[in-house]
Amino acid sequence: MKVEVATEERASLETSGSWFMEEKRLIRKLDRRILPIACLLYLFAYLDRSNLGNARVLTGTNDGKPPLPTDALGGDPTGILFDWVNSAFFFSYILCQVPATILSKLVAPRIWLALAAIGWGTCSTLMSTGFDFGGLMTTRVFLGIFEAGFGPAIPLYFSLFYTKEEMGLRMAYWFGFAAVAGAFGGIVAFGIQNAVLPFSNWRLLFIVEGLPAICLGIITFFVLPDRPESTHYLDEREREIAIARMNRGTSGDVGAVVNKSHISMAFRDWRIYTGGVIYFALNCSLASTSAFLPTILKTLGFSSARVQLMTVPPYAVAAFVIVLGSWISDRLQSRGIPVAFASLVGGVGYLILLFVPTNLHARYFATFCITSGTYTSIGIIIAWFAHNLGSETKKATGIPMFMAIGQCGSILGSHLFPTTEGPRYIKGFAVCCGLEIFGALCALVMTISYRLDNARRNKLHGVPKEDARVDVAEMADKVCPLPFTNKI
């Protein structure tokens, strides 16, 4: 196996005294274009998948228009129909993630992501036309298909432009917009419930949150940079630096190619399945929080109108905590311990809800622990896998694999809070609590395994150079000696 200390491009760059400043300018240029588009796309993606929670309790304040279950699900006294509408998204999302992300390598990123956004925005808008269980189920299934082409593709796309030292904070900015979406969704729902309309207010919610995704998808088609070697956004010098960065500690693909042997390697990697178990635990909490936080807050005695506003602070704090936690993770160059700690914080939140049934202040504080701990853990674990899989094809397979396994937890989370078990929801809180703690234990197992693996390779081959290039065309991240340490 061929391992190079440095490429000719890297060597020529290092001989230039201005290389460091050139790279910093390139990073700032990439951030100005990539981060706003990616973050806004995720804002609307998460709004469109999670706005069912607001629609469930959204009544017309001025004219008493009914919420979604009463208007389109025949009242749904048990809450089961709503649970299935909510979980329908995750079935198609799970099944399509791996093939969609592998296929995305054969299409220019700006085209792929633009089509995905236009697709899910259209589906969300069409949910406003749903008048029965079948119509809502159909739109949610297609919403999952289009979003499956977006979520796992973004970590892969980021890894083309950002190094492993830069990924954690960028992924935090991106995933942090899921928390922003939760806060923003509550504000939008609060405004819409005061509108006087000829139709139910929840229908306007889907229109208002669906149309912007279509518009942003069109913008994405024209302004999002393609791969470093083909984008017109960079000049020749910037492209040279970007390609050198892409080949640090690995070797990036050139053009639209798929290495079939690395697909098989991903399916045989136990760490991907362990990461999927962690993601399962976290997504169970995430999905139940997104869909049922307004319902849970209503059990604290808030009115339907006030509930929408009371969902904003937990999400706003979570957005700040995920950025802070990921910044610390990048500074320490450690992923597993921050994931475990944040997941335990979420578990503590559920313990409070379970054992403090009457103190409303403590129970509201618990929602802050749940959102902050869960969102921070998910943001860091995505960054953990973005640079630990070696080749682009293994990333394109492994990232959606662990995400697909994890999204099965979203299906479970969608069924943990039926109306008949309110207002205590003991089963739902207990399951989420147990999974958060179990996810923390799995994260500790993962970080220990990476540390032992790094120590073994260092003992056999010496401490590697962080900026060395390796040919991963055959063995992906299993090549020895590996010129970078796995993220721990």
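A nonpolar core is a set of buried Ala, Val, Leu, Ile, Met, Phe, Trp, Tyr and Cys residues joined through side-chain atoms within 4.5 Å; buried means under 20% relative accessible area, with exposed over 50% and partly exposed in between (1.4 Å probe, protein chains only). The structure discussed here is a predicted model, in which local features need pLDDT of at least 70 and side-chain atom pairs count only at pLDDT 80 or more, whereas totals for chains, interfaces and linings use all residues. Residues are numbered from 1 along each chain as its sequence is written, and side-chain values use heavy atoms, with hydrogens and water left out.

The largest nonpolar core has 98 residues, and Phe150, Phe158, Trp174, Phe175 and Ile382 are those with the most contacts inside it. Helix H2 (residues 19-50) gives the most to this core, contributing 13 residues; helices (H or I, at least four residues) and strands (E, at least two) are DSSP runs, numbered from the N terminus. A second, separate core comprises 35 residues, including Leu52, Ile192, Trp202 and Leu353. In soluble globular proteins, nonpolar side chains tend to be buried together.

Phe175 may be followed in detail. Leaving aside residues up to four places away in sequence, Phe175 touches Tyr42, Leu286, Ile322, Tyr375, Ile378, Gly379 and Ile382, where contact means heavy atoms within 4.5 Å.

Buried in H7 are Leu136, Thr139, Arg140, Leu143, Gly144, Glu147 and Ala148. These buried residues pack against H2, helix H3 (52-57), helix H4 (68-72), helix H5 (80-104) and helix H6 (109-126).

The structure holds zero disulfides, a disulfide being a pair of cysteine sulfur atoms within 2.5 Å. For Cys284, the closest cysteine sulfur is that of Cys432, at 4.1 Å, and therefore too far for a bond. Cys284 counts as buried, at 0% relative accessibility, and Cys369 also counts as buried, at 9%.

Two backbone positions remain. Most residues other than glycine have a negative phi. Asp76, however, has a positive phi of about 45° although it is not a glycine. Asp76 lies in the loop between H4 and H5 and is buried, with a relative accessible area of 8%. Gln333, likewise not a glycine, has a positive phi near 50°; Gln333 is placed in the loop between helix H15 (312-332) and helix H16 (336-355).
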